[in-house]
Amino acid sequence: MKCVLTTVILALGCAPVYAGSKPAKPADSSRKFVLDVVRSAVALPESDPQDRLRVLATAAQVTSPIDPQLARQFTREGVQIETRLVAAGEDPAVSLLASGQADCAAAQQFVESLPPNAVDRAEQSLIGAVTTCPGQTLSAAQRKLQGAGAPAPRATLAVMQAAGLKSGWSQQEFDDVFSSLPGDAEPLRADAPALAQLYAEAAPAMDKAVAQRAGLALLEWLGHIDADAPERNVAVNTAVDAMKSLFRDRYQDILSANVAAQHVAQTAGQGGELSPPPEEVATVQSAAADNGPDAQQALNDMPASQRAREAAAHGFVSGTSGDSDSAGRFFDTAFSALDEVWSNRSPQMNAAAVVEEVADAAAQVDPVMALQRAQHLQDPAAEAIGMLSIARVVASHAH
């Protein structure tokens, strides 16, 4: 990586000037640095296709403004992996289609090759494809939804909106979704708020009799979900508000025709929010308030992910205040913790986000040292993600 480190020095404006040569322009040298680092990161081997997808998605995002052709190469490979993951029954860790990075040819190929029984797993990808390229994907998306075995309310709403809520297909699909809700509602608890949102968004455009029948069916179905579940409460609140707005004076009369739906509707107003899982937070402000000699000892007592984030925040504070020695010690701690974070990662913890946060903070202080530390991470995927974060910081500073 000697050539990359040399380019970093150029990017920082420290390039030597030789006789007969022209000084490198900061923007040109920064661009070269970014592309060198991205290519090196992408060349690292990742055994896990989810990790490979993460790397390609970030690489495409970083290179898109400065080398669109290279970004398209990364995107094409990423969409191929995304397609294989969905077909194999896995949820993609990230989605190039959902982010709008894929071109319409790739989006069309994805939708056409999508197994109907995988639609619920590929909702975000399908939404991105239809939203970005409706002309190329809409017809295929409609066919996939009609053949899907499980509700995919978010994708259904996106396709209905692309087709037009008053179109014949949307009218029929709306009726089909709510008339064929599965009898066992509990396994679909997580989809309840999205189903209610589909109803709220689309019902005003539907035939009133169809909207009435669908609303009652939805409320009755929600009654089969645990009454204390926050997903049920959110969905009930959404559905009831939509029905009140749509039917106004007729709302109570409509409910009286279905005792089960009426009972569920009476629970509206309870627990109307979903609480996100607690998240570790490390802020520059808190690090600055307690950046003394005891900070390092406090870090040693923290779990690895929190230690990595807190140490990076302390490193940023020390580095931007001119204390490079302290910054180096804090960043050593942060990157060392990243190896532990990555080796013990689980689906509940976004290890890639921790790597990005630490690498970003280090790059803000010293891109050269940040790159060296990232290249010493033990896992190639973590190394690649760290390198790409550093490239992203340098790219952002070049504009």
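What follows is a walk through the model, one selection at a time.

First, some ground rules. This is a predicted model, so to speak: local features need pLDDT of at least 70, side-chain atom pairs count only at pLDDT 80 or more, and totals for chains, interfaces and linings use all residues. Numbering starts from 1 along each chain as its sequence is written, and side-chain values use heavy atoms, with hydrogens and water left out.

**The whole protein**

Colour by secondary structure and you get 21 helices and zero strands; both are DSSP runs (helices H or I, at least four residues; strands E, at least two), numbered from the N terminus. Of the 399 residues, 49% are buried (under 20% relative accessible area; exposed is over 50%, partly exposed in between, with a 1.4 Å probe and protein chains only). Among contacts (heavy atoms within 4.5 Å) with a separation of 6 or more, 72% join residues 24 or more positions apart.

**Select 123-132**

This is helix H6, and seven of its ten residues are buried. What covers them?

The axes of H6 and H7 are 6 Å apart, at an angle of about 130 degrees (axes are lines fitted to C-alpha atoms, for helices over the stretch in contact, and angles run from 0 to 180 degrees between N-to-C directions). That makes H6 oblique to H7 (under 35 degrees is roughly parallel, over 145 roughly antiparallel, 65 to 115 roughly perpendicular, and the rest oblique). On the H6 side, pick Leu-126, Ala-129, Val-130, Thr-131 and Thr-132; they meet Pro-134, Thr-137, Leu-138 and Ala-141 of H7. By class, this contact has six nonpolar, three polar and no charged residues (Ala, Val, Leu, Ile, Met, Phe, Trp, Tyr, Cys and Pro count as nonpolar, Asp, Glu, Lys and Arg as charged, and the others, Gly among them, as polar).

**Select 153-163 and 168-179**

Here are H8 and H9, whose axes come within 9 Å and cross at roughly 160 degrees. That makes H8 roughly antiparallel to H9. Look for Thr-156, Val-159, Met-160 and Ala-163 in H8, which meet Trp-169, Ser-170, Glu-173, Phe-174 and Val-177 in H9. The tally is six nonpolar, two polar and one charged.

**Select Ala-196**

Buried or exposed, this Ala-196? Ala-196 has a relative accessible area of 0%, so it is buried. Ala-196 sits in H10 (residues 192-202). Beyond neighbours within four places in sequence, Ala-196 touches Leu-218, Ala-235, Thr-238 and Ala-239. Draw a distance to Gly-215, 19 residues away along the chain: the C-alpha atoms are 8.9 Å apart.

**Select Arg-248**

Arg-248 lies in the loop between H12 (230-247) and H13 (251-256), and is exposed at 63% relative accessibility. Check its backbone: phi of Arg-248 is near 50 degrees, a positive value. Most residues other than glycine have a negative phi.

**Last stop: 351-365 and 380-397**

These are H19 and H21, with axes that come within 8 Å and cross at roughly 45 degrees. That makes H19 oblique to H21. The residues in contact divide into eight nonpolar, four polar and three charged.
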